[in-house]
Amino acid sequence: RLLFMASGNYMFVIVGEDDTPIYEVEFLNTQRREDTSHLNQFIIHAALDMVDELVWGTHSMYLKCVDKFNDFNISAFVTAGHIKLMLLHDVRNDDGIRNFFNDVYELFVRVLMNPFYRPNAPITSTFDARVKLLGRKYF
Amino acid sequence: QKAETEMSAVRLNRAGDTAFAKVEKVSSELFSLTYGAVVMQVIKDYEEVDATNAQLEKMGYNIGVRLVDEFLAKAQVSACQSFQDTAEVIAKVGFKMFLGVNAEVVKTTGDEFTLQLSDNPLAEFVELPEQYAKLEYSGMLCGVLRGALEMVQMRVTCTLVRDVLWGDDVTEIRVVLQEMLNEEYHDDED
């Protein structure tokens with residue numbers, strides 16, 4: 001039984017230069033098991049090494065799937081400043097994910113251009129609301 | 001009389017476009033980012049919002065006293081007959097020439113007017129964090145107006161009264177004429 005256009009669960013994290021998260025959001029479409037939150041963060045963190053390797057093999061910022069863990073895929077998008085946009089997801093959704101990354105990247109660049117934003121600091125402001133809208137749109 | 005004011009509005013718009021065409025341009029993103037860096041530095045130096053606001057206005061004043069000469073040299077405008085003329089010239093020619101944007105004159109009385117900006121290149125990309133909610137980010141513009149008008153013998157107060165950064169629809173600067181200054185001539189014989 002294949003689920004077409006399955007609505008899966010997604011966890012999106014932006015990782016700064018020092019490997020610390022500067023933004024995090026979850027898009028859940030099914031019931032979540034209780035233990036997954038910390039596990040998700042661990043999975044994403046473990047995928048960072050793969051990202052650091054793969055980033056040199058391509059000109060593209062979108063790295064597609066960089067790692068797998070059980071049911072989960074980890075997709076990544078790395079900016080020119082080596083900020084890593086990491087997405088943990090349990091369904092395939094190549095187009096949606098690519099579009100999500102591109103749109104979030106545009107929003108992220110606007111955040112960087114705000115003179116009040118300190119690089120690698122946690123992102124507050126209207127960014128969160130806009131990313132959630134994008135998640136609802138593509139996921 | 002309406003036809004007269006409409007014609008002069010056309011004339012002013014054209015003067016604004018001409019002046020804008022004459023001046024050297026810079027990337028607006030570079031301009032916004034540079035201004036942002038200036039504001040951040042003033043905040044760091046002065047720490048408190050009120051002191052920062054005062055300093056930005058003062059810096060604007062220093063710019064304005066010099067800017068007005070450039071304006072009078074490059075913009076082809078005749079002498080203003082009234083304070084309302086001054087308002088229109090600032091809005092249609094001054095803002096166009098230096099910021100590349102059109103401003104509207106609204107809420108005018110004899111000695112006061114409000115400049116309304118729908119577009120403010122200084123504040124592109126800016127979002128004010130909570131602790132700076134009272135920051136007059138574009139306060140430098142108020143200083144520029146105050147300095148420039150002082151050089152043409154008008155003492156005014158300029159206040160940023162609305163700002164898109166504060167959640168308003170538009171950015172507005174209120175200009176109030178305090179007094180006309182008389183140039184002092186010193187007689188050599190005395």
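**Figure 1. Confidence of chain A in the predicted model.** Among the elements of chain A, the lowest mean pLDDT, 86, belongs to helix H1 (residues 36-54), and the highest, 95, to helix H2 (residues 94-113). Over residues 1-5 of chain A the pLDDT is below 50, and this stretch makes 0 contacts (heavy atoms within 4.5 Å) in the model beyond near neighbours in sequence. This is a predicted model, in which local features need pLDDT of at least 70 and side-chain atom pairs count only at pLDDT 80 or more, whereas totals for chains, interfaces and linings use all residues. Residues are numbered from 1 along each chain as its sequence is written, chains are lettered from A and ligands numbered from 1 in the order in which they are written, and side-chain values use heavy atoms, with hydrogens and water left out.

**Figure 2. Fold of chain A.** The secondary structure of chain A consists of 3 helices and 5 strands, taken as DSSP runs numbered from the N terminus (helices: H or I, at least four residues; strands: E, at least two). Read from the N terminus, the order of elements in chain A is β-β-α-β-β-β-α-α. The C-alpha trace of chain A spans about 50 × 35 × 30 Å along its principal axes. Chain A has a radius of gyration (taken over C-alpha atoms) of 14 Å, which agrees with the value near 14 Å for a compact globule of 139 residues; the globule rule is 2.2 Å times the number of residues to the power 0.38.

**Figure 3. A salt bridge within chain A.** The side chains of A:Asp19 and A:Lys84 form a salt bridge, with an N to O distance of 3.9 Å; the term denotes a side-chain nitrogen of Lys or Arg within 4 Å of a carboxyl oxygen of Asp or Glu. Because A:Asp19 lies in the loop between strand S1 (10-15) and strand S2 (21-27) of chain A, and A:Lys84 in strand S5 (residues 84-89) of chain A, the pair ties together parts that are 65 residues apart in sequence. Over all chains, the structure holds 12 salt bridges.

Figure 4. Chain B contains 5 helices and 4 strands, in the order α-α-α-α-β-β-α-β-β from the N terminus. The radius of gyration of chain B is 17 Å, close to the 16 Å given by the globule rule for 190 residues, so chain B is as compact as a globular protein of that length. The C-alpha trace of chain B spans about 50 × 50 × 35 Å along its principal axes. The pLDDT of chain B averages 92, with 93% of the residues scoring at least 70. Confidence in chain B is lowest in helix H1 (residues 2-22), at a mean of 83, and highest in helix H5 (residues 139-151), at 98.

**Figure 5. Contact between chain B and chain A.** The predictor assigns the complex an ipTM of 0.84 and a pTM of 0.87. The contact involves 13 residues from chain B and 8 residues from chain A. The area buried between the chains is about 930 Å², of which carbon and sulfur atoms give 68%; buried area is the accessible area (1.4 Å probe) that two parts lose on being put together, summed over both. B:Met40, B:Phe125 and B:Glu127 supply 64% of the area that chain B buries against chain A, more than any other three residues. There are 0 salt bridges between chain B and chain A.

Methods
pLDDT is the predictor's confidence in each residue, from 0 to 100.
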